[in-house]
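Dear colleague,

I am passing on a structure for you to look at, together with some notes on what was found in it. Please open the structure first and keep it beside you as you read.

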Amino acid sequence: MKKGATIIMSLLLMLVMIAGCGTNKTEVKGNTEQATTAPEATEASQKEVTLKFSIWGNDTHKQMYEDMIAKFNEQNPNIQVEIMVIPLADYQQKLTIMQASRTAPDIAWLAERMIPQFISTDALLDISDLKSDEAYNFADIFPSGLELISKGDNHYGIPFSTPPSMIYYNKTLFKEKGLVTPTELYIEGKWNYDEYLKAAKALTDSSKGIYGTNLIRNGWENWPDALQTLFNAYGAELINKEGTEFTLDSSQGEQALQLFSDMIFKDGVHPKPGDQTTFDSGKIAMQKELFSYMGKAKAVTDFEWDIAPLPAGPNGLGTTLGYAAVTLFKDSQHPEEAIEFLKYITNPDNMTITSQYFVPSRKSVLESDAFLNQGPSAESMKLAVIDQMAAAQTLPSFKDWAKIDSNMKSVLDYLYSQSGTVQEVLKNADEAITPLLK
């Protein structure tokens, strides 16, 4: 028996050695079929690749993604990702130049105003196949959030930030002045621009450098972010919905822009152009901001603060909805790796991480306790964030937005330098924008 067993073991060993001579992959995969198909796939998956990922965020956002990339590298050691931070004011122009010179990043944040240009120039990669990826759970993305980044049945990105604009207010200053807070007024149905201006005047204390309000965030050049909520609340439109006519020179547009000008120059309740006073310094009583400011606000320890919806105007609430999506450029030399990275940073786990700064587009994350508990209270988060999302309006976007934006910046300088009245500024804006709509 012992001799027979020895012979059988010897034969088995010979068979293994013969199989090993046929393919050196058998030891890894364990069967012949895999061994004959695996080499190419293995080589491709191990190819060293460096992806470029452009954002306009701050250092905190960059660090958050770098931490994600470190974990991504544990699973994909051959894929390196370099983050490019480009200031928001220059972002669209720089990406346009890079696209033209075929040096665009593989992956890029795009805001709502930038998306029409890059879709119309066929610059973005169609990622519609993700809909059939069960592990990714594409159905978890709010369908309404996909409209801006889609054309027909094709999808060109995943929205990761859909924040409604809101007011951060200094509760300590409101208490010191014995004022009813924006939250209380909103619940009573009395939170409008008349009450907002009254509060701003009562809270302003020039002797202490305290302003009642500030609508500017991300710099004075980011005028749509500052003004569109006023335009909406007063029923004004920059350009008609067909994109063919400049319409801000209406009575509604004049009212909205006059209110903004008066707050700065007549009432003195709003910082003047160039003034860098910030909410976290305790010298801005009501700051218009987005959810992404929450991290900075949480670092405030000198005073109590809360969040509330924006006030209503004659046309109702003018809340705007911020919007940003992760997209892939079509000219990427590494589309498969870029898609893997996009899937990774927008999966539920990582969207939970980004939700500390960005209002998530995944239903499972938006409705989680983890998200609601990130604000000053779950009640405030529901009131100022979740309850406002359905009616909030995205900022208008037009094909030639870069030129329209540039011309409006030049025209608004007349207002900021007090070189013209509101009526004159609107007349100049008409002359600067209308030729771009032909």
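Predicted model: local features only at pLDDT ≥ 70, side-chain atom pairs only at ≥ 80, totals over all residues.

Residues are numbered from 1 along each chain as its sequence is written, and side-chain values use heavy atoms, with hydrogens and water left out.

Strand β6, residues 157-161, has five of its five residues buried (under 20% relative accessible area, with exposed over 50% and partly exposed in between, for a 1.4 Å probe and protein chains only). Strands here are DSSP runs of E with at least two residues, and helices are runs of H or I with at least four, numbered from the N terminus. β6 pairs with β14, residues 324-328, in the antiparallel sense over four bridges (pairing needs at least two DSSP bridges), and G157 stands opposite T327 in β14.

The structure holds 17 salt bridges (a side-chain nitrogen of Lys or Arg within 4 Å of a carboxyl oxygen of Asp or Glu). One of them joins D225 and R217 at 2.8 Å, N to O; D225 is buried at 11% relative accessible area, and R217 is buried at 10%. Another joins K241 to E237, with the closest N and O atoms 2.5 Å apart, and here K241 is exposed at 70%, whereas E237 is partly exposed at 30%. Finally, D133, E340 and K343 are linked in a network of salt bridges.

Best wishes
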